[in-house]
Amino acid sequence: MARPLVSKKRQKEIALERISILFTQAKEVYSKNKGLANRYVTLARKLTMKARIRMPREHKRRYCKHCYKYLMPGDNSRIRTRDGKVVISCFECKKFTRISVK
Ligand SMILES: [Zn+2]
């Protein structure tokens, strides 16, 4: 069966769309099912790798870079600014992620 011809640009757009849907659903499902929220993060990461795109900045803060768990500020993570950087503490693996804001 022939694969439909879709431009690389379109593939990336589709991937981005699906990623934002996954993060929206992860947010909704988190309170009920953390495992499923984590699974959505994994799927979103796979999409970025497959489409060879970067994770959009607004989503980067929503999961842990070390253990790839979905992070809910106030529940399993803490977000603070320090020295012009955003520091995300993950309570799942007790590690920190720093993101420079500038
Ligand atoms: Zn973590």
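User: Which strand is the place of Ser77?

Analyst: Ser77 falls within residues 77–82, which form a strand (strands are DSSP runs of E, at least two residues, and helices are runs of H or I, at least four, numbered from the N terminus). Heads-up: this is a predicted model, where local features need pLDDT of at least 70 and side-chain atom pairs count only at pLDDT 80 or more, while totals for chains, interfaces and linings use all residues. Residues are numbered from 1 along each chain as its sequence is written, and side-chain values use heavy atoms, with hydrogens and water left out. The strand you want is β1.

User: Is Ser77 buried or exposed?

Analyst: Ser77 touches Leu71, Met72, Ser89 and Phe91, setting aside residues up to four places away in sequence (contact means heavy atoms within 4.5 Å). Buried means under 20% relative accessible area, exposed over 50%, and partly exposed in between, with a 1.4 Å probe and protein chains only. Ser77 has a relative accessible area of 2%, so it counts as buried.

User: In what sense do β1 and β2 pair?

Analyst: Two strands pair if DSSP finds at least two bridges between them, and β1 and β2 (residues 85–90) have 6 bridges. Across the pair, Arg80 stands opposite Val87 in β2. The hairpin has 2 residues between the strands, and Asp83 takes a positive phi near 50° there. The sense of the pairing is antiparallel.

User: What is the geometry of the zinc ion's site?

Analyst: Cys64, Cys67, Cys90 and Cys93 coordinate the zinc ion through their SG atoms, at 2.2 to 2.3 Å (donors are N, O and S atoms within 2.8 Å of the metal, or 3.2 Å for Na, K and Ca; water is not among the atoms, so sites may look incomplete). Along the chain, these donors follow the spacing C-x2-C-x22-C-x2-C. Four donors count as tetrahedral if all angles lie between 85 and 135 degrees. Here the angles among the 4 donor atoms run from 105 to 113°, and the site is tetrahedral.

User: Is Cys93 buried or partly exposed?

Analyst: Another zinc donor, Cys90, counts as buried at 2% relative accessibility. Cys93 has a relative accessible area of 24%, so it is partly exposed.

User: With which side chain does Tyr68 make a polar contact?

Analyst: Tyr68 lies in the loop between α3 (57–60) and β1, and is partly exposed at 32%. Not counting residues up to four places away in sequence, it touches Asn38, Val41, Arg45 and Tyr63. A polar contact is a pair of N or O atoms within 3.5 Å; within protein, one must be able to donate a hydrogen and the other to accept it, and residues adjacent in sequence count only if both atoms are side-chain atoms. At 3.4 Å, the partner of the Tyr68 side chain is Arg45.

Note on methods. Four donors count as tetrahedral if all angles lie between 85 and 135 degrees; four count as square planar and six as octahedral if opposite donors are over 155 degrees apart and all others between 65 and 115; anything else is irregular.
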